[in-house]
Each structure stands twice: as C-alpha cells, then as structure tokens.
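Here is a short report on one protein chain. Please keep the sequence and the model in view while reading.

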Amino acid sequence: MKVRIEIDENMSEDEIVIRCAQPDERVLKMKMAAESTEGDPEIAFFKDAVQFYPPLDSILFFETGEHNLNAHTSDDVFQVKMKLFELEEILPRKFVRVSKSAIVNVKHIYSVERNITSASLISFAGTHKQLYASRSYYKLLKLRLGERRFL
C-alpha cells in the first residue's frame, strides 16, 4: 500500500481520497477511521427551558413535529432548534435520512419490517419507539445498515 500527502494551497477544505481496486474490510476501516477524526458536532437539545448536551450516540432518531424538530432517546424526547436538512449535513455517517421527516441512528436499529408496497417499520433496541422509513430512502438505509459494523 502506498501512502502519499499532496499539498494544494488553493483547497478550502481538506480531502482524503482512497483509491483501491476493490473496497475490502481494510479499506472500509481506513475510511471509517478518517471520518471519525472529526468527532461529533456539538448540538444543543432543549426540554422546557433547560438546555442539554447528551452524547450523540444516545439519540435513536430525529423527527420533525408540527412546529419543531424532536430528538428521541430510548426514554426521553428533546427539541432541537435546527432544520432537518441542516442537521443532516453535520451529523456523522451513522445517521441516515429515512423519510422527509426523519433521520435515524443506524447503530440503534433492532429490526426493519420491510413492506414493498409502503413504508418499512423500523424498531429500536431497548425501547418501544418505532419509526417508518419511506420506500425512496430504503436503499440508502439498507446500505448504511450493511456498513454498521464499521461505524
């Protein structure tokens, strides 16, 4: 394996490129290691007038409500003062969009009840909470579930 660093002073953001003939487990581990160096973003969660900073790994999913964005843990619900598309841009790869109104943490998914004609039902480990994934987002969800051991 060759490792090389190229310096380009005109770049506005650092970029890592991995070139390979076939992506095997070693290549995927390198990719995940490179992605994990950034760390989790700092997101403020609110409940009533109190601001919380729970670990991002404790979040099962984010879901839009009538006028707000909710973050669900196994036993609690917090509000997030961001838009879903803004959140999607800053969340790590273990979070994936599953519908127009929801983003899930694939590490907490216990089962996906696939329904070809409509949305698939997602169940989470250790809680009664469930969420629907739309058909148009199912392919990406399936891909991320396959990568879950590397996340």
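The model is a predicted one. Is Ile16 buried or exposed? Ile16 is exposed, and its relative accessible area is 64%.

Ile5 lies 11 residues from Ile16 along the chain. The C-alpha atoms of Ile16 and Ile5 are separated by 9.3 Å.

## The largest pocket

Ile16 also belongs to a pocket lining. The largest pocket has a volume of about 970 Å³. Its lining counts 24 residues, and the closest to the pocket centre are Arg4, Ile16, Val17, Ile18 and Arg19.

What is the make-up of this lining, in nonpolar, polar and charged residues? The lining of the largest pocket divides into 12 nonpolar, two polar and 10 charged residues.

## The chain as a whole

The protein chain holds three helices and 10 strands. Along the sequence they follow the pattern α-β-β-β-β-β-α-β-β-β-β-β-α. The C-alpha atoms fill a box of roughly 50 × 40 × 25 Å along the principal axes.

The protein chain has 151 residues, and 31% of them count as buried. Take the contacts between residues at least 6 apart in sequence: 47% of these join residues at least 24 apart.

## The annotated domain

An unreviewed UniProt entry places the feature "domain: HTH LytTR-type" at residues 43–147. Over residues 43–147 the chain is 19% helix and 39% strand. The end C-alpha atoms of this stretch are 24 Å apart.

Strand E7 spans residues 102–105. Which residues lie on each side of E7? Ala102 and Val104 are on one side, with Ile103 and Asn105 on the other. In a regular strand, side chains alternate between the two faces of the sheet. Both faces of E7 are covered, and Ala102, Val104, Ile103 and Asn105 are all buried.

E7 pairs with strand E3 (residues 61–64) in the antiparallel sense, over three bridges. Within this pairing, Phe61 stands opposite Val104. Phe62 stands opposite Ile103. Strand E6 (residues 95–99) also runs antiparallel to E7, and four bridges join the two. Here Phe95 stands opposite Asn105. A hairpin of two residues links E6 to E7.

## From E3 to E4

E3 has a further antiparallel pairing, with E4, over four bridges. Glu63 has Asn70 in E4 as its bridge partner. The hairpin that joins E3 to E4 runs through four residues.

Beyond E4 comes Thr73, in the loop between strand E4 (69–72) and strand E5 (77–80). Is Thr73 buried or exposed? Thr73 counts as buried because its relative accessibility is 7%, under the 20% cut-off. Leaving aside neighbours within four places in sequence, Thr73 is in contact with Ser58, Ile59, Leu60, Phe78 and Lys129.

## Two aspartates in loops

Asp48 lies in the loop between strand E1 (45–47) and strand E2 (50–52). Its phi is near 60 degrees, a positive value in a residue other than glycine. Why does Asp48 count as exposed? The relative accessible area of Asp48 is 79%, and exposed means over 50%.

Asp57 lies in the loop between E2 and E3. Asp57 is partly exposed, with a relative accessible area of 40%. Which residues does Asp57 contact, leaving aside its neighbours within four places in sequence? They are Lys94, Asn105 and His108. One of these, Asn105, is a buried residue of E7. Asp57 and Asp75 are 18 residues apart in sequence, and their C-alpha atoms are 14 Å apart in space.

Definitions and conventions: Residues are numbered from 1 along each chain as its sequence is written. This is a predicted model: local features need pLDDT of at least 70, side-chain atom pairs count only at pLDDT 80 or more; totals for chains, interfaces and linings use all residues. Side-chain values use heavy atoms; hydrogens and water are left out. UniProt positions are given in the numbering used here, feature names are shortened, and annotations may be inferred rather than shown by experiment. Buried means under 20% relative accessible area, exposed over 50%, partly exposed in between (1.4 Å probe, protein chains only). Two strands pair if DSSP finds at least two bridges between them. On a 1 Å grid over the protein atoms alone, a cavity is a set of points where a 1.4 Å probe fits but cannot get out, and a pocket is an open set with protein on both sides within 12 Å along at least five of seven lines; lining residues have an atom within 4 Å of a point. Grid points are joined across faces, edges and corners, and a volume is the space filled by probe spheres set on the points. Ala, Val, Leu, Ile, Met, Phe, Trp, Tyr, Cys and Pro count as nonpolar, Asp, Glu, Lys and Arg as charged, and the others, Gly among them, as polar. Contact means heavy atoms within 4.5 Å.
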